[in-house]
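Me: I have a structure open and want to learn to read it. Can we go feature by feature?

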Amino acid sequence: MTSATIRPIRSGFSLAEYFTCLSGIVWREALRFLHQRERFISALVRPLVWLFIFAAGFRQVLGLSIIPPYETYILYEVYIAPGLMAMIQLFNGMQSSLSMVYDREMGNMRTLLVSPLPRWFLLSCKLLAGTAVSLLQVYAFLLIAWFWDIAPPPAGYLTVLPALILSGLMLGALGMLISSGIKQLENFAGVMNFVIFPMFFASSALYPLWRILESSPMLYYVCQFNPFTHAVELIRFALYGQVNWIALAVVGGCTIVFMVGAIYAYDPSRGLIRRGPAGGET
Amino acid sequence: MKATDKLSAGQNTQDIPSRLDAAEIPALSIDGVSHSYGARHALIDIGFTVAPASFTALLGLNGAGKSTLFSLITRLFGIQRGHIGIFGHDVARAPGEALRLLGVVFQPRTLDLDLSVTQNLLYHAALHGIARRDARERSREVLARIGLADRAGSKVRDLSGGQMRRLEIARALLHRPRLLLLDEATVGLDVKARADILNHVRQLVTEQGISVLWATHLFDEIGSNDDLIVLHQGRVLAQGKVARVIADTGGSDINTAFMRLTGSTAQSGSPAS
């Protein structure tokens, strides 16, 4: 055979092809998650330690006044539950980011990036897949928490779902954006110190904002500017069938900004980082 | 007029394959491509074409710029200067159409070690929008062809180096590309595994009409009838049929021809690096 048979090439992709790609990426993320049992267990143990040990100790020390969305006095465990749900998503978002850096170092990321489908779509699929995995973790946490008398209204388990999806997307997009700027896996430890811990502690996850305002007005404003605070409040209100509109606007806006940033950073022609060849390549 | 000239003239790249004579369109056209990492120039104004249904060897020392070129062709890096076309589709302007025609085996392993052989193939198929039923059928086909049918359910982690490479080639063929790029595909393999892979890839050219660009630094992987491109320090030093390149340099074989072109001191029969 001396010449290739030229068959006409379709331009663009059908909806079915987009859907196949999305389901394939979600399927792969789910498989990886199931293969990494210790990741699932640690994702659950972390918030449960906060709930069973930290909150039990603080229950006697910390008094809480009645603040929306709560209509009566609540236990401290009940107060921090939404923060712990958001914490699961925060860690999951950063874990996805870590896995993207690992995939890039190991070469697996190339499989994704040389797909002919648009790169923005591939990254969006990856984000949705990560969010789906975080939802599994959060609902597993809620199930265990129910036995600890943390029982929101039954409808809350449904009404919180859109809030969890949106906050999961925001934190996943943030992780993706961060991963685009990390060149080596070793640098990821910095993410723990400079992103996860400050975001979690400088938020309303552990204490109500009015209490923070009383002790440190400056920290209060830091918390207000922290998108994680708004993710926590969005989840807290949604768990009781209510919408915190400011939180919704901030989380929605941040999701768009982080996602656009991540797509921009992963665009080969405009990336934020100057890329060189991988180790050992020429 | 070269196909790349037509691309740069601003035509609608998506229409080109249907309007041009098939024989006129190169499988791969590299035209005036340069790439730098900061102040370091990795590729300097290189240009060549790969003919349809041909085996073209890209020979170069480590550091010649082969992997950078592959990253540009596959759009992992943005093209800073020049044009790259795959069967007439400009990689920068119509990446979807171009990448659909391209299968690639990178120098580092890109398989997911925790997934099974079939799961890796199904994932790749999904990334190309191939429906699950079709993907399963194609997976069985390609695994049978490369002799890994009995390992379909095995974890990739449990495969040997040669089997992983064969699986990567099978994966690159799953979406039925017309151009296959292989970057140092035999590095780290034993002599038999190297020969098996090289023979298999050559069969793809003769039996299926797939165009192959085979990047290597090993002289013995280059056949006397192959097309050859010599890349050195980011520049193309020679291109053409192997016999022609040898004759032009006045050497007796590819080894001496390469040494004369690059001024390197590799011993006969040894790798170029």
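Me: How much of chain A counts as buried?
Reply: Burial is judged by counting neighbours: 20 or more other C-beta atoms within 10 Å makes a residue buried. In this predicted model, 42% of the 282 residues of chain A pass that test.

Me: What share of the contacts in chain A with a separation of 6 or more joins residues 24 or more positions apart?
Reply: The share is 78%.

Me: How many helices and strands does chain A have?
Reply: Chain A has 11 helices and zero strands. Its pattern along the sequence is α-α-α-α-α-α-α-α-α-α-α.

Me: At what angle do helix 5 and helix 11 of chain A cross?
Reply: Start with the axes. Helix 5 (residues 119-146) and helix 11 (residues 245-266) of chain A come within 10 Å, and their axes cross at roughly 125°. That angle makes helix 5 of chain A oblique to helix 11 of chain A. The crossing is right-handed.

Me: Which residues meet there, in helix 5 and helix 11 of chain A?
Reply: From helix 5 of chain A come Arg119(A), Trp120(A), Leu123(A) and Leu127(A). Helix 11 of chain A brings Met259(A), Ala262(A), Ile263(A) and Tyr266(A). Sort this contact by residue class: seven are nonpolar, one is charged and none is polar.

Me: How many bridges pair strand 1 of chain B with strand 2 of chain B?
Reply: Seven, in the antiparallel sense; strand 1 of chain B covers residues 28-37. Then look at the turn. The hairpin has two residues between these strands, and Gly38(B) takes a positive phi near 65°.

Me: What joins strand 4 of chain B to strand 5 of chain B?
Reply: Two bridges join them, and the strands run antiparallel. Strand 4 of chain B spans residues 81-86. Ile86(B) has His89(B) of strand 5 of chain B as its bridge partner.

Me: Is the pairing in the six-strand sheet of chain B parallel, antiparallel or mixed?
Reply: Mixed. The order in this open sheet is 6-7-8-3-9-10. Strand 6 (102-105) and strand 10 of chain B are the edge strands, each pairing on one side only. From one strand to the next, the twist averages 15°.

Me: Where can I see both senses of pairing?
Reply: Follow strand 9 of chain B. Strand 3 (residues 55-59) of chain B pairs with strand 9 of chain B in the parallel sense over four bridges. Ala57(B) stands opposite Leu228(B) there. Strand 9 (residues 227-232) and strand 10 (residues 235-241) of chain B run antiparallel, joined by six bridges. His232(B) and Arg235(B) are bridge partners in that pair. Two residues lie between the strands of this hairpin, and Gln233(B) has a positive phi near 50°.

Me: Which strands does helix 8 of chain B touch?
Reply: Helix 8 (residues 191-208) of chain B packs on the sheet, touching strand 3, strand 7 (179-183) and strand 8 (211-216) of chain B. Its direction makes about 155° with that of strand 8 of chain B. Helix 9 (residues 242-249) of chain B lies across strand 9 and strand 10 of chain B, at about 120° to strand 10 of chain B.

How values were computed
Residues are numbered from 1 along each chain as its sequence is written. Chains are lettered from A and ligands numbered from 1 in the order in which they are written. This is a predicted model: local features need pLDDT of at least 70, side-chain atom pairs count only at pLDDT 80 or more; totals for chains, interfaces and linings use all residues. Axes are lines fitted to C-alpha atoms, for helices over the stretch in contact, and angles run from 0 to 180 degrees between N-to-C directions. Angles under 35 degrees count as roughly parallel, over 145 as roughly antiparallel, 65 to 115 as roughly perpendicular and the rest as oblique. A crossing is left-handed if the near helix is turned anticlockwise from the far one by less than a right angle, and right-handed if clockwise. Two residues are in contact if their C-beta atoms, placed from the backbone, lie within 7 Å. Ala, Val, Leu, Ile, Met, Phe, Trp, Tyr, Cys and Pro count as nonpolar, Asp, Glu, Lys and Arg as charged, and the others, Gly among them, as polar. Two strands pair if DSSP finds at least two bridges between them. A residue is buried if 20 or more other C-beta atoms lie within 10 Å of its own, exposed if 12 or fewer, and partly exposed in between; C-beta atoms are placed from the backbone.
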